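Subject: Structure handover

Hi,

Here is the structure I promised. Please look through it with the notes below at hand.

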Amino acid sequence: MTRLSGITPSGHVQLGNYLGAVRRWAAEREPADLFFVSDLHAMTTPHRPQRLRALTREQFAVLLAAGIDPDSLFVQSDLAGELGALNWILECTCGFGEAARMTQFKDRGAGQHSVRVGLLTYPVLMAADILLQGATEVPVGSDQDQHVELARTLARRFNAAFGEVFAVPRAVVPKTAARIRDLSDPGRKMEKSTLQSPGVVFVLDEPDVIRRKFRRAVTDGLDDVRYEPDTRPGGANLLEILAACNDISPYAAASAAGTYAELKEVVAEAVIEQLRPVRERARELLDDPAELDRVRSRGAKRARDRAQPRLQAALRVTGLR
Ligand code: AQP
């Protein structure tokens, strides 16, 4: 079993990415698990090259700092050649209607006067990510289920037409992890691409910035702290964050809480302590570009070595070699 998980450098890594995904990836890692920074996926909407480069580097450093094994980690564009080749083969295996049906394409493209073709075809690139690494399981939220289903369909169709080259992957539901919401707008989830939101806590934020963000968190205007996610989403979010940091239930977090003002202080300190080692280690790595490059090259080489036999087989059976 090989599991593949990725993170897109569309913004700085935020608390939700960390508590909901990265921390778990590091803690529950099986030897064959693979992780990557999906910088090619960050180009489906308008982007700035320098920012993309910096964010890719930062995410790579944060993943390492969080304890992801360097040998299991790579940057997607370091395999641009291999992925580009397989992407084309898979685009020629995929129907236009199949790609256009993806709900994320419809949602993200809706109302835009100009949409990049990459937004339409990125699920095919995602299939290339998965099939090239021989991943058999892809832990994804419900919004990505459809994309893994497409990868599954393309693998099966390719194998049936040309011969068994690819493992057929399946989506697996990640073990329940906290779904962290924006502190200033608890109706929406915390997202790294949100611009200038005081309600998004970043993993590399300094402690004082984190304290300030929590102090301004929107709660429910009531005095007593209770865990009621449906009617009191702001307070529930704080309790879920505290629960995730201290490995307790949100109900236990609520019963130990005093007022909301006190709760905000307690949650801020718990988050600061949770993120401190990651922030410090990531800063060290970012201050040593040569070491970071060395780790990145080694990860890229391993990923390419895993990819090449499958790519060569795909080129051969489709008549390209
Ligand atoms: N708020 C969240 N709470 C818990 N988990 C979260 N994840 C994202 N937001 C939260 C998880 O982080 C992993 C990496 O995310 P991604 O880069 O693949 O894309 P995403 O889910 O779209 O993350 P963002 O932060 O919301 O980015 P943008 O703003 O670009 O859309 C995934 O496992 C995801 O579930």
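Let me start with helix 6, residues 117-132. It has 16 residues and reaches 22 Å from first C-alpha to last, close to the 22 Å expected at 1.5 Å a residue. The expected span is 1.5 Å times one less than the number of residues. Helices here are DSSP runs (H or I, at least four residues), strands likewise (E, at least two), numbered from the N terminus.

Two notes on the source. This is a predicted model: local features need pLDDT of at least 70, side-chain atom pairs count only at pLDDT 80 or more, and totals for chains, interfaces and linings use all residues. Residues are numbered from 1 along each chain as its sequence is written.

Back to helix 6. A kink of about 40° is centred on Pro-123. The bend at a residue is the angle between axes fitted to the seven residues ending there and the seven starting there. The buried residues of helix 6 include Pro-123, Asp-129 and Leu-132. Buried means 20 or more other C-beta atoms within 10 Å of the residue's own, with C-beta atoms placed from the backbone. Their cover includes strand 1, helix 3 (80-91), helix 7 (145-162) and helix 12 (289-317). Just after helix 6, Gly-134 takes a positive phi of about 70°.

Helix 12 comes next. Its 29 residues should span 42 Å at 1.5 Å a residue, and its end C-alpha atoms are 41 Å apart, which agrees. Helix 12 bends by about 35° at Ala-307, and Pro-309 follows within four residues. Ala-307 is also among its buried residues, as are Arg-296 and Gly-299. Helix 6 is part of what covers them.

Now the domains. Domain 1 is 4-172 + 289-317, and domain 2 is 207-284; the bounds come from an automatic or database domain assignment. Their C-alpha centres lie 32 Å apart.

Last, the ligand. It is surrounded by 20 residues, and the closest are Ser-10, Gly-16, Gly-20, Glu-191 and Ser-193. A residue counts as near if its C-beta atom, placed from the backbone, lies within 6 Å. Helix 1 gives the most to this shell, with 4 residues.

Best wishes

Key:
Buried ≥ 20, exposed ≤ 12 C-beta atoms within 10 Å, placed from the backbone. Contact = placed C-beta atoms within 7 Å.
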